[in-house]
Amino acid sequence: VQPSIPHTTRTTCPYCGVGCGVRATPHPDGRVDIAGDELHPSNFGRLCVKGSALGETLDLDGRLLQPKRRDEGPGSALQAVSWDEALTATAEGFRRIIDTHGPDSVALYVSGQLLTEDYYVANKLMKGYVGSANIDTNSRLCMSSAVAGHKRAFGEDLVPVDYTDLEQTDLIVLVGSNTAWCHPILFQRMTAAREARPNMKLVVIDPRRTATCEMADMHLPVKPGTDVWLFNGLLRFLAREGLTDAKFVDQHTHGMDETLTAAAGEADSVDVARRCGIEHQALLDFYRLFAKTERVITAFSMGVNQSSAGTDKVNSIINCHLLTGRIGRAGMGPFSITGQPNAMGGREVGGLANMLASHMDLDKPAHRELVQGFWQSPSIADKPGLKAVDLFEAIEAGRVKAVWIMATNPVISMPDADQVKRALSKCELVVCSDIVENTDTSAFAHILLPALGWGEKDGTVTNSERRISRQRAFLPAPGEARADWRIISDVAKRMGYDGFDFTGPADIFDEHARLSAHANSAFVADDANPSKGIARRFDIGALTGMSPASFDAMKPVQWPLPADASHTPIRLFSDGRFSHPDGRARFVPTHPRAPVNSADEDFPLLLNSGRVRDQWHTMTRTGKTARLSEHIAESFVDMHPQDALMHGVREGGLARISTKWGAMVARVRHGGGIARGQLFVPIHWTAQFASDARVGALVNPVVDPVSGEPEFKHTPARVDEF
Ligand code: SF4
């Protein structure tokens with residue numbers, strides 16, 4: 001008998017937005033060897049500690065392996081049911097509520113963990129068939145401010161930098177990003193580039209002195225929420241120093257004068273430094289370094305986005321790049337680093353409640369007409385749907401009566417997470433598609449649908465540099481679990497909708513690519529008639545017509561793609577054309593404003609939340625391997641030693657952290673580079689020390705007025721001995 005030869009599958013890591021290529025080799029005894037894919041252009045074989053441990057997270061403990069149903073509401077027993085019964089109950093429940101209360105009485109809440117094909121089908125169902133845009137995603141919580149900022153400045157959600165630019169730049173400015181821990185392979189690429197080109201500089205702008213700062217030439221520990229002061233000050237400095245690229249500004253932008261005028265009266269650099277809480281000399285050193293360095297990348301992440309002024313922060317950064325013309329060329333530009341593996345793919349198919357598929361806009365009648373015509377759908381949503389925080393408020397208020405939650409756990413991850421509990425406990429129909437049976441959210445589900453997990457599902461994801469990569473299956477479907485796209489399609493068909501006869505992810509991807517081609521041919525740039533359309537840049541038309549075999553063999557590709565199928569990358573904005581109707585980018589006047597809730601006598605400290613190096617989200621995967629807990633094993637609150645002394649807690653002891661919205665218990669730590677008056681708590685742990693450990697329950701549900709992204713980085717809090 002020939003021993004079976006292990007087969008290696010090339011796939012993509014399911015964790016962060018770096019999107020590293022992975023080689024997975026399953027063995028007959030159940031082991032799966034994991035290695036970095038040396039051919040993947042995003043990581044060239046490197047993997048961080050989380051990615052390397054993927055093979056240890058693939059057991060079936062805790063998996064939801066068959067459909068289940070609970071008739072008596074939260075707390076009652078779940079009964080295993082057939083797929084037919086579960087799908088029919090979901091379809092009939094949604095149909096009944098829509099028929100009685102209208103399309104906006106139902107909603108989907110999805111996830112950056114979904115593959116693009118799953119996202120596409122979910123959006124098609126809600127926006128084209130149900131006729132409501134009440135579909136939002138947990139990506140709302142991490143990068144919707146970047147999306148809104150891109151749309152305001154560029155006319156389309158476009159990230160103009162790729163990872164090779166990080167190796168060609170002379171200055172990287174990291175704003176609100178602990179890249180060393182949260183995007184480790186990207187940070188390794190930056191570190192390697194600095195070793196190869198020692199003159200390259202790194203500046204970190206972050207209230208905390210994080211691990212990323214250890215490599216930095218300069219760390220500006222700004223006060224939380226002061227980024228717009230800092231970058232408006234930089235804009236004025238650049239203009240005053242004569243760094244304006246007059247030709248670029250004149251030919252390719254609009255609104256510089258108004259933006260500079262709006263920023264002119266704000267403050268001098270001494271006042272900016274005072275407001276930002278940093279030394280005046282340090283501020284000037286940063287401004288001068290930025291001014292004298294042509295190749296600058298300003299990379300930003302959750303510290304910028306997760307703010308009630310997140311969109312303005314993004315635009316204040318982009319304004320500086322537009323003024324100096326430092327965009328559309330090698331080694332320069334503003335760069336949003338996404339959190340989740342497929343945050344970008346979700347955006348491509350209209351995964352947010354205010355977007356349409358293929359970067360089309362819900363608020364443009366011509367775009368709605370085009371998408372509806374392409375889908376041949378009975379309707380099309382004609383107004384934006386409810387964004388995440390508003391969605392759960394509408395559920396609690398009874399305006400939304402049915403919600404289908406896919407691949408996410410909002411009872412932990414949302415701000416004011418206890419409100420989500422209250423909402424779900426009142427909701428007439430809660431359906432959860434997940435790979436895990438018992439989650440804080442599934443406790444409220446009436447119907448549980450078992451989904452495929454990483455290694456079992458098949459499709460595509462898009463990472464932070466707009467690179468589409470394949471996630472391939474290398475394990476059989478466990479139990480009765482099914483692909484999300486198939487579950488959604490089966491429910492859609494039972495609701496009486498055609499347009500969902502997909503045979504597999506290749507089929508769905510082809511439709512997605514055809515829609516992109518169709519949209520681009522309809523909305524081509526027309527200099528003679530700018531109102532006719534825009535030069536759209538989301539273009540994957542060259543990927544239409546792939547057979548299932550070619551889809552399976554598809555190599556990582558970056559969009560926009562040239563029409564000739566050469567797959568040669570096109571540098572965004574190298575032609576100076578942006579996606580606004582006149583082809584010009586927009587300066588956006590931004591006005592500094594303080595976070596909505598400030599510290600007071602009762603809640604004198606400021607709570608910040610985020611990731612640690614070796615865990616992911618709510619640890620349903622990373623929690624399965626002991627070695628990932630060797631770095632940090634339990635929930636903690638990082639605080640300054642003097643604050644600990646003042647509040648009667650000590651390092652190593654337990655403390656109760658309270659806000660107006662909730663409370664939790666965590667172990668006190670020092671040494672996380674935290675400034676006086678601030679706290680940092682990780683997002684991963686859900687219950688510890690015989691207590692609730694959901695930091696989301698403490699976070700204020702304040703959102704950015706443009707993007708709807710919550711202010712996770714700034715909640716007034718207090719700490720007491722536990
Ligand atoms: Fe996975 Fe991100 Fe680590 Fe790459 S850097 S291996 S994508 S977690």
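## Helix α14

Helix α14 covers residues 310–323, 14 residues in total, and its first and last C-alpha atoms lie 20 Å apart, close to the 20 Å expected at 1.5 Å a residue. That expected span is 1.5 Å times one less than the number of residues. Helices here are DSSP runs of H or I with at least four residues, strands are E runs of at least two, and both are numbered from the N terminus.

This is a predicted model, in which local features need pLDDT of at least 70 and side-chain atom pairs count only at pLDDT 80 or more, while totals for chains, interfaces and linings use all residues. Residues are numbered from 1 along each chain as its sequence is written.

How many residues of α14 are buried? The helix is mostly covered, with 14 of its 14 residues buried. Buried means that 20 or more other C-beta atoms, placed from the backbone, lie within 10 Å of the residue's own; 12 or fewer make it exposed, and anything in between partly exposed. After α14 comes Gly325, which has a positive phi near 65 degrees.

## Around the ligand

Now to the ligand. Its shell has 14 residues, of which Cys13, Cys16, Cys20, Cys48 and Gly51 come nearest. Two elements give two or more residues to this shell: α1 (49–52) and α7 (184–196). A residue belongs near the molecule if its C-beta atom, placed from the backbone, lies within 6 Å of it.

The shell divides into nine nonpolar, four polar and one charged residue. Here Ala, Val, Leu, Ile, Met, Phe, Trp, Tyr, Cys and Pro count as nonpolar, Asp, Glu, Lys and Arg as charged, and the others, Gly among them, as polar. Because domain 1 (9–57) and domain 3 (144–336) both give residues to the shell, the ligand lies between them. The domain bounds come from an automatic or database domain assignment.

## A closed barrel

Six strands form a closed barrel in the order β21-β25-β22-β24-β23-β28, with mixed pairing. Strands β23 (residues 654–658) and β24 (residues 663–669) run antiparallel and are joined by five bridges; pairing requires at least two DSSP bridges. Ser658 has Ala663 in β24 as its bridge partner.

## Backbone details in loops

Two residues other than glycine deserve a look. His359, in the loop between α15 (343–348) and α16 (365–375), has a positive phi near 60 degrees. His359 counts as buried because it has 26 C-beta neighbours inside 10 Å.

Phe573 has a positive phi near 70 degrees and sits in the loop between β19 and β20. Pro560 lies in the loop between β19 (557–558) and β20 (585–586), and the peptide bond from Trp559 to Pro560 is cis, with omega near 0 degrees.
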